[in-house]
Amino acid sequence: MNRHPILNPAAWRGWGVAALLALGTSWASAQTAPNPPVPDDPAPPAAQTAPAAVGGIKSANIFEIAPDANKDPDYANQTNAQRRQVQPGNNAPMWRDVGKGVTGYSSLPVSQAPEAGNLIQPFVQYPGSRLTNAGEAWRQVRNDWLIPYGGALLFIVLLALAIFYMTKGPLGGHLKDTGRKIERFTPLERAAHWSNAIAFVVLGISGIVMAFGKFFILPVIGTTLFGWLTFALKNAHNFMGPLFAVSLLIVVVTFIKDNIASAADFVWLSKLGGMLGDKEVPSHRFNAGEKGLFWWGVTIPGLVVVGSGLFLDKLIPGMLYLRGDMQIAHMLHIVGALIMMALIMGHIYMGTVGVKGAYGAMRTGYVDEAWAKEHHELWYDDVKAGKIPAQRSQPAQSTPPVDAVAEA
């Protein structure tokens, strides 16, 4: 059967050989072609080498323009405009100013963007950081000191409380209840305490997750769920902060009168409160340990945490919230929060499983006389002597029977 010429393989092979022969002939002709004649009056060298101008722009290599410009004594002090004259394209002076934190021009108002003209913060050295720009110094302090050592502090406190509970167990319970009650906390005091405690727990849990969660939660639940979790807790943290601030102020004002140091506190401290023995050291309404917690675990670090937190939330009017100030506030916030959490972990332990009857005192407001005598003997003596009323709040008015109302 005859094939069409286009479909015939032999024809394709013939065309390919012909094409290769043609290319070989052309290349040989080019190699043996004589050079063109040289004119008697050649063009000047400049005319031969000058490239055609394209749009009036001439490219330049900054390394070939004034290569000895750096030998100028004022080379390091040149402005960007001066450097452009000797080395076009070399913007080292501008970036040097950027690295120093020099403020450039910005059309945004200072009230809205106080650092719009600053690309890189100036160099600082915080405790625990190298001399570097402020952002990097803050990162070094946070990642190299606050996070690892703060986490270790909380773990050590938790471990110490567990060991103390396993060796000593709950304290108290040596005296039999009498059935006679003393009001230890009024409704106002309990409301202030519980509102502050709830706010603190929410802030503490959310803060721990945001600071340490990537080490023990992220590997378990993955990045997606961890992202949603931290986003929700961040908003809870921000909104719970003002409630904590208000309740903290009420707690300080309410309990400050009973947390002033007295001579009995030094006796209590010298004997470590009797926690290593079988009998507690007599104390007033609050012992020296509770007073120390009030000042060094609640009031002082609490004010630091509240002040820095309100600044970080941008709730203080009339302030320019600069990056450097925010970084310092963040470091103070973490330090204050870690101190509060470490000490209040001990308070939570003593108020729940550490001391028998302590949780019921804050839940109901009342304690038995035996409990008061065992744990706060000097306060119990003042109550029995009439110096402190056993019932400080007004008892609830009982509703008279219906028949009595009808007879009246």
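## Basis

Helices are DSSP runs of H or I with at least four residues, strands are runs of E with at least two, and both are numbered from the N terminus. The expected span of a helix is 1.5 Å times one less than its number of residues.

The model is predicted, so local features need pLDDT of at least 70 and side-chain atom pairs count only at pLDDT 80 or more, while totals for chains, interfaces and linings use all residues. Residues are numbered from 1 along each chain as its sequence is written, and side-chain values use heavy atoms, with hydrogens and water left out.

## Helix α9

Helix α9 covers residues 288-312, 25 residues in total. Its first and last C-alpha atoms are 34 Å apart, close to the 36 Å expected at 1.5 Å a residue. A kink of about 35 degrees is centred on Gly302; the bend at a residue is the angle between axes fitted to the seven residues ending there and the seven starting there.

At the N-terminal end, Asn287 caps α9, with a side-chain oxygen 3.1 Å from the backbone nitrogen of Gly289. Lys314, with a positive phi near 60 degrees, follows α9.

## Packing against α9

Axes are lines fitted to C-alpha atoms, for helices over the stretch in contact, and angles run from 0 to 180 degrees between N-to-C directions. Helix α7 (residues 218-255) packs with α9 at about 145 degrees, the axes being 11 Å apart. Contact means heavy atoms within 4.5 Å.

The axes of helix α8 (residues 263-270) and α9 come within 9 Å and cross at roughly 105 degrees. The two are therefore roughly perpendicular (65 to 115 degrees). Asp265, Trp268 and Leu269 of α8 contact Ala288, Gly289 and Lys291 of α9.

Methods:
A polar contact is a pair of N or O atoms within 3.5 Å; within protein, one must be able to donate a hydrogen and the other to accept it, and residues adjacent in sequence count only if both atoms are side-chain atoms. Angles under 35 degrees count as roughly parallel, over 145 as roughly antiparallel, 65 to 115 as roughly perpendicular and the rest as oblique.
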